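Visitor: I have not looked at this one before. Can you walk me through a few parts of it?

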Amino acid sequence: MTSILRKILYFTTITSFSWCFYNDVSSEENLDIPAIAKYFGTKGRYEEVNPYLIKDILAVNRSVLQPPSPRCREIHLTAIIRHGTRYPTAKNVKKMQKLYTVVQSSARGKESWLREILADWTMWYNEDMDGRLVQKGVEDLKHLAVRLSKLFPSMISVEKLRGGFIRFITSSKHRCVNSTLSFKAGLTEMWAIRDMEFEHAVNDALMRFFDQCTKFVNEVDNNPSALTELDKFTQGPEMKRVQEKIADRLEVPYDLITDGQF
(Lines give C-alpha, C1' and ligand atoms only; values in the text may rest on other atoms or scores of the structure.)
Protein backbone atom coordinates (compact mmCIF):
# COMPACT_ATOMS: atom_id res chain seq x y z
CA MET A 1 0.00 0.00 0.00
CA THR A 2 2.76 2.45 0.90
CA SER A 3 4.48 1.93 -2.43
CA ILE A 4 1.23 2.65 -4.25
CA LEU A 5 0.57 5.82 -2.26
CA ARG A 6 4.06 7.05 -3.04
CA LYS A 7 3.38 6.86 -6.73
CA ILE A 8 -0.04 8.39 -7.17
CA LEU A 9 -1.00 12.04 -6.84
CA TYR A 10 -4.59 13.10 -7.40
CA PHE A 11 -5.89 16.52 -8.33
CA THR A 12 -9.60 17.29 -8.20
CA THR A 13 -11.29 20.56 -9.06
CA ILE A 14 -14.26 21.27 -6.79
CA THR A 15 -13.66 23.67 -3.91
CA SER A 16 -10.80 25.08 -1.87
CA PHE A 17 -8.96 24.94 1.42
CA SER A 18 -6.75 27.81 2.48
CA TRP A 19 -4.91 29.29 5.43
CA CYS A 20 -5.39 32.86 6.64
CA PHE A 21 -2.46 35.13 7.41
CA TYR A 22 -2.16 38.73 8.52
CA ASN A 23 -2.72 41.35 5.86
CA ASP A 24 0.68 42.94 5.26
CA VAL A 25 -0.38 44.86 2.14
CA SER A 26 -2.87 47.69 2.54
CA SER A 27 -4.79 49.70 -0.02
CA GLU A 28 -2.57 52.67 0.82
CA GLU A 29 0.49 50.73 -0.36
CA ASN A 30 -1.13 49.42 -3.53
CA LEU A 31 -3.27 51.89 -5.44
CA ASP A 32 -4.84 49.06 -7.44
CA ILE A 33 -6.64 47.86 -4.29
CA PRO A 34 -9.74 49.94 -3.50
CA ALA A 35 -10.15 51.10 0.10
CA ILE A 36 -13.34 49.04 0.46
CA ALA A 37 -11.68 45.79 -0.68
CA LYS A 38 -11.52 44.51 2.90
CA TYR A 39 -15.31 44.26 2.85
CA PHE A 40 -15.41 42.07 -0.24
CA GLY A 41 -15.83 38.30 -0.22
CA THR A 42 -12.76 36.11 -0.76
CA LYS A 43 -14.19 33.34 -2.92
CA GLY A 44 -12.47 34.63 -6.03
CA ARG A 45 -9.11 35.88 -4.79
CA TYR A 46 -6.38 33.73 -3.26
CA GLU A 47 -4.59 37.04 -2.61
CA GLU A 48 -7.19 38.15 -0.06
CA VAL A 49 -6.82 34.95 1.95
CA ASN A 50 -3.01 34.98 1.66
CA PRO A 51 -2.14 38.69 1.31
CA TYR A 52 1.60 38.07 0.81
CA LEU A 53 0.66 36.89 -2.69
CA ILE A 54 -0.10 40.50 -3.62
CA LYS A 55 3.64 41.20 -3.46
CA ASP A 56 4.73 37.89 -4.96
CA ILE A 57 2.09 35.71 -6.62
CA LEU A 58 4.40 32.66 -6.55
CA ALA A 59 5.41 32.98 -2.88
CA VAL A 60 4.81 30.02 -0.56
CA ASN A 61 4.59 29.77 3.21
CA ARG A 62 6.40 26.59 4.19
CA SER A 63 5.64 27.09 7.89
CA VAL A 64 2.14 25.69 7.38
CA LEU A 65 3.60 22.32 6.37
CA GLN A 66 5.75 21.53 9.39
CA PRO A 67 5.38 17.77 9.99
CA PRO A 68 4.55 16.53 13.49
CA SER A 69 7.82 14.58 13.54
CA PRO A 70 11.14 14.83 11.65
CA ARG A 71 10.64 11.20 10.70
CA CYS A 72 7.47 12.00 8.73
CA ARG A 73 7.71 12.10 4.95
CA GLU A 74 5.29 12.79 2.13
CA ILE A 75 3.85 9.72 0.43
CA HIS A 76 0.53 10.94 -0.99
CA LEU A 77 -1.21 14.22 -1.79
CA THR A 78 -4.81 14.94 -2.73
CA ALA A 79 -5.54 18.56 -3.68
CA ILE A 80 -9.20 19.64 -3.71
CA ILE A 81 -9.14 22.91 -5.62
CA ARG A 82 -11.82 25.49 -6.28
CA HIS A 83 -12.26 26.80 -9.81
CA GLY A 84 -10.61 30.11 -10.61
CA THR A 85 -12.13 33.59 -10.69
CA ARG A 86 -15.22 33.60 -12.91
CA TYR A 87 -17.90 35.83 -14.35
CA PRO A 88 -21.21 36.17 -12.48
CA THR A 89 -23.82 33.54 -13.27
CA ALA A 90 -26.66 34.43 -15.63
CA LYS A 91 -29.03 34.76 -12.66
CA ASN A 92 -26.81 37.37 -11.02
CA VAL A 93 -26.20 39.20 -14.30
CA LYS A 94 -29.97 39.67 -14.57
CA LYS A 95 -30.04 41.17 -11.07
CA MET A 96 -27.19 43.53 -11.95
CA GLN A 97 -28.97 44.58 -15.13
CA LYS A 98 -32.10 45.45 -13.12
CA LEU A 99 -30.12 47.63 -10.73
CA TYR A 100 -28.28 49.23 -13.64
CA THR A 101 -31.57 50.13 -15.30
CA VAL A 102 -32.89 51.68 -12.08
CA VAL A 103 -29.74 53.76 -11.61
CA GLN A 104 -29.59 54.98 -15.20
CA SER A 105 -33.30 55.80 -15.49
CA SER A 106 -34.27 57.01 -12.03
CA ALA A 107 -31.27 58.11 -9.92
CA ARG A 108 -31.45 61.86 -9.28
CA GLY A 109 -28.78 62.63 -6.67
CA LYS A 110 -26.32 65.44 -7.31
CA GLU A 111 -23.26 63.94 -5.61
CA SER A 112 -20.10 63.67 -7.71
CA TRP A 113 -19.84 59.90 -7.25
CA LEU A 114 -23.35 59.43 -8.64
CA ARG A 115 -22.65 61.68 -11.62
CA GLU A 116 -19.56 59.60 -12.30
CA ILE A 117 -21.59 56.38 -12.16
CA LEU A 118 -24.25 57.77 -14.49
CA ALA A 119 -21.60 58.92 -16.97
CA ASP A 120 -19.14 56.03 -16.85
CA TRP A 121 -20.97 52.86 -15.75
CA THR A 122 -21.51 50.55 -18.70
CA MET A 123 -23.31 47.26 -18.14
CA TRP A 124 -20.94 45.03 -20.07
CA TYR A 125 -21.89 41.78 -18.35
CA ASN A 126 -24.21 39.57 -20.38
CA GLU A 127 -25.98 36.29 -19.68
CA ASP A 128 -23.73 34.34 -22.08
CA MET A 129 -20.86 34.81 -19.62
CA ASP A 130 -22.82 32.66 -17.13
CA GLY A 131 -20.11 31.84 -14.59
CA ARG A 132 -17.37 31.19 -17.14
CA LEU A 133 -13.71 31.43 -16.19
CA VAL A 134 -12.11 34.84 -16.76
CA GLN A 135 -8.44 35.38 -17.61
CA LYS A 136 -7.75 36.11 -13.95
CA GLY A 137 -9.15 32.65 -13.18
CA VAL A 138 -6.78 31.06 -15.69
CA GLU A 139 -3.86 32.80 -13.99
CA ASP A 140 -5.18 31.76 -10.54
CA LEU A 141 -4.78 28.09 -11.39
CA LYS A 142 -1.51 28.45 -13.28
CA HIS A 143 0.04 30.24 -10.31
CA LEU A 144 -1.42 27.75 -7.85
CA ALA A 145 0.18 24.89 -9.79
CA VAL A 146 3.58 26.54 -9.46
CA ARG A 147 3.11 27.23 -5.75
CA LEU A 148 2.05 23.66 -4.99
CA SER A 149 5.04 22.29 -6.88
CA LYS A 150 7.28 24.50 -4.71
CA LEU A 151 5.54 23.33 -1.53
CA PHE A 152 5.64 19.63 -2.48
CA PRO A 153 8.66 19.22 -4.79
CA SER A 154 8.94 15.49 -4.14
CA MET A 155 5.27 14.93 -5.01
CA ILE A 156 4.70 17.40 -7.85
CA SER A 157 7.63 17.10 -10.20
CA VAL A 158 8.26 16.86 -13.91
CA GLU A 159 9.21 13.22 -13.46
CA LYS A 160 5.94 12.41 -11.68
CA LEU A 161 3.92 14.23 -14.33
CA ARG A 162 5.66 12.59 -17.26
CA GLY A 163 5.49 9.23 -15.50
CA GLY A 164 1.70 9.37 -15.23
CA PHE A 165 1.67 9.48 -11.43
CA ILE A 166 -0.42 12.67 -11.29
CA ARG A 167 -4.14 12.30 -12.02
CA PHE A 168 -6.56 15.12 -12.76
CA ILE A 169 -10.29 14.79 -12.06
CA THR A 170 -12.92 17.49 -12.64
CA SER A 171 -16.66 17.96 -12.80
CA SER A 172 -18.30 18.72 -16.15
CA LYS A 173 -18.90 22.40 -15.26
CA HIS A 174 -17.11 24.49 -17.88
CA ARG A 175 -15.37 26.66 -15.27
CA CYS A 176 -14.04 23.55 -13.54
CA VAL A 177 -12.86 21.90 -16.76
CA ASN A 178 -11.11 25.13 -17.79
CA SER A 179 -9.57 25.45 -14.33
CA THR A 180 -8.17 21.94 -14.69
CA LEU A 181 -6.73 22.81 -18.10
CA SER A 182 -5.19 25.95 -16.61
CA PHE A 183 -3.62 24.04 -13.72
CA LYS A 184 -2.07 21.56 -16.14
CA ALA A 185 -0.83 24.45 -18.27
CA GLY A 186 0.84 25.95 -15.20
CA LEU A 187 2.88 22.78 -14.78
CA THR A 188 3.69 22.19 -18.44
CA GLU A 189 4.70 25.82 -19.01
CA MET A 190 6.87 25.86 -15.90
CA TRP A 191 8.72 22.74 -17.05
CA ALA A 192 8.58 23.62 -20.77
CA ILE A 193 6.84 20.35 -21.66
CA ARG A 194 5.80 20.49 -25.31
CA ASP A 195 6.08 16.87 -26.41
CA MET A 196 3.31 15.40 -24.21
CA GLU A 197 -0.33 16.06 -23.35
CA PHE A 198 -1.92 15.02 -20.08
CA GLU A 199 -5.49 13.78 -19.83
CA HIS A 200 -8.09 14.62 -17.22
CA ALA A 201 -11.18 12.65 -16.22
CA VAL A 202 -14.68 14.17 -15.97
CA ASN A 203 -16.46 12.50 -13.06
CA ASP A 204 -19.65 14.16 -11.85
CA ALA A 205 -20.53 11.17 -9.68
CA LEU A 206 -17.50 12.05 -7.56
CA MET A 207 -17.17 15.79 -8.01
CA ARG A 208 -20.88 16.68 -7.94
CA PHE A 209 -22.03 13.83 -5.74
CA PHE A 210 -24.79 15.96 -4.21
CA ASP A 211 -26.60 16.14 -7.56
CA GLN A 212 -27.00 12.37 -7.39
CA CYS A 213 -27.98 12.23 -3.72
CA THR A 214 -31.72 11.52 -3.66
CA LYS A 215 -32.16 12.88 -0.15
CA PHE A 216 -30.41 16.16 -1.00
CA VAL A 217 -32.30 16.62 -4.26
CA ASN A 218 -35.70 15.92 -2.68
CA GLU A 219 -35.27 17.55 0.73
CA VAL A 220 -33.07 20.52 -0.18
CA ASP A 221 -32.61 21.27 -3.88
CA ASN A 222 -36.27 20.79 -4.89
CA ASN A 223 -37.75 21.85 -1.55
CA PRO A 224 -38.73 25.55 -1.33
CA SER A 225 -39.06 25.30 2.47
CA ALA A 226 -35.37 24.33 2.81
CA LEU A 227 -34.40 28.00 2.53
CA THR A 228 -37.00 29.34 4.94
CA GLU A 229 -34.43 30.98 7.22
CA LEU A 230 -32.67 32.62 4.27
CA ASP A 231 -36.00 33.92 2.98
CA LYS A 232 -36.77 35.38 6.40
CA PHE A 233 -33.49 37.29 6.33
CA THR A 234 -33.74 38.59 2.75
CA GLN A 235 -37.29 39.76 3.43
CA GLY A 236 -36.64 40.91 6.98
CA PRO A 237 -36.08 44.34 8.53
CA GLU A 238 -32.27 44.24 8.25
CA MET A 239 -32.29 43.72 4.49
CA LYS A 240 -35.19 46.16 4.09
CA ARG A 241 -33.12 48.85 5.83
CA VAL A 242 -30.18 48.17 3.49
CA GLN A 243 -32.49 48.58 0.49
CA GLU A 244 -33.87 51.83 1.91
CA LYS A 245 -30.37 53.22 2.45
CA ILE A 246 -29.45 52.44 -1.16
CA ALA A 247 -32.65 54.11 -2.36
CA ASP A 248 -31.91 57.16 -0.19
CA ARG A 249 -28.41 57.46 -1.63
CA LEU A 250 -29.72 57.22 -5.19
CA GLU A 251 -32.78 59.35 -4.41
CA VAL A 252 -35.17 56.85 -5.93
CA PRO A 253 -38.45 55.46 -4.55
CA TYR A 254 -38.06 52.60 -2.08
CA ASP A 255 -40.10 50.22 -4.22
CA LEU A 256 -37.50 50.39 -7.01
CA ILE A 257 -34.83 48.71 -4.85
CA THR A 258 -35.83 45.13 -4.08
CA ASP A 259 -34.22 41.98 -2.75
CA GLY A 260 -34.37 40.60 -6.31
CA GLN A 261 -31.47 42.89 -7.21
CA PHE A 262 -29.05 41.38 -4.65
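**Cysteines, a helix and some rings**

Guide: Let me begin with a cysteine. C72 has a relative accessibility of 40%, so C72 counts as partly exposed. Keep in mind that this is a predicted model.

Visitor: And C176, buried or exposed?

Guide: C176 is buried, because its relative accessible area is 6%, and buried means under 20%.

Visitor: How many disulfides are there in the whole structure?

Guide: The search of the whole structure finds 0 disulfides. A disulfide is a covalent bond between the sulfur atoms of two cysteines.

Visitor: OK. What about helix α7, how many residues does it have?

Guide: Helix α7 has 17 residues, running over residues 174–190. From its first C-alpha to its last, α7 reaches 24 Å, which is close to the 24 Å expected at 1.5 Å a residue.

Visitor: Is α7 mostly covered or mostly open?

Guide: Mostly covered: 12 of the 17 residues of α7 are buried.

Visitor: Which ones are buried in α7?

Guide: Among them are R175, C176, V177, S179 and T180. The buried residues also include F183, K184, L187 and T188.

Visitor: What follows α7?

Guide: A192 follows α7, and the phi of A192 is positive, near 50 degrees.

Visitor: Changing topic. How many aromatic pairs does the structure hold?

Guide: The structure holds 7 aromatic pairs. One of them is F209 with F210: the ring centres are 5.5 Å apart and the planes are at 75 degrees, so this pair is edge-to-face.

Visitor: Why does an angle like that count as edge-to-face?

Guide: Because planes over 60 degrees apart count as edge-to-face.

Visitor: What is the relative accessible area of F210?

Guide: F210 has a relative accessible area of 25%, so F210 is partly exposed. The ring of F210 also pairs with that of F216, with centres 6.0 Å apart and planes at 70 degrees, so that pair is edge-to-face as well. F216 is partly exposed, because its relative accessibility is 28%.

Visitor: Which residues form an aromatic cluster?

Guide: Y87, W124 and Y125 form one aromatic cluster.

Visitor: Last topic, the surface. Which residues form a nonpolar patch there?

Guide: L227, L230 and F233 form a nonpolar patch on the surface. Together these residues have about 290 Å² of accessible area.

Visitor: Where is L230 found?

Guide: L230 is found in helix α10, which covers residues 228–234. With 46% relative accessibility, L230 counts as partly exposed.

Definitions and conventions: Residues are numbered from 1 along each chain as its sequence is written. This is a predicted model: local features need pLDDT of at least 70, side-chain atom pairs count only at pLDDT 80 or more; totals for chains, interfaces and linings use all residues. Side-chain values use heavy atoms; hydrogens and water are left out. Patches are made of residues with over 30% relative accessible area and no salt bridge: like charges are joined within 9 Å, nonpolar side chains (Val, Leu, Ile, Met, Phe, Trp, Tyr) within 5 Å. Accessible areas come from the Shrake-Rupley method with a 1.4 Å probe; for residues, only the protein chains shown count as cover. A salt bridge is a side-chain nitrogen of Lys or Arg within 4 Å of a carboxyl oxygen of Asp or Glu. Helices (H or I, at least four residues) and strands (E, at least two) are DSSP runs, numbered from the N terminus. Buried means under 20% relative accessible area, exposed over 50%, partly exposed in between (1.4 Å probe, protein chains only). A disulfide is a pair of cysteine sulfur atoms within 2.5 Å. The expected span of a helix is 1.5 Å times one less than its number of residues. Rings of Phe, Tyr and Trp (its six-membered ring) pair if their centres lie within 6.5 Å; planes under 30 degrees apart count as stacked, over 60 as edge-to-face and the rest as tilted.
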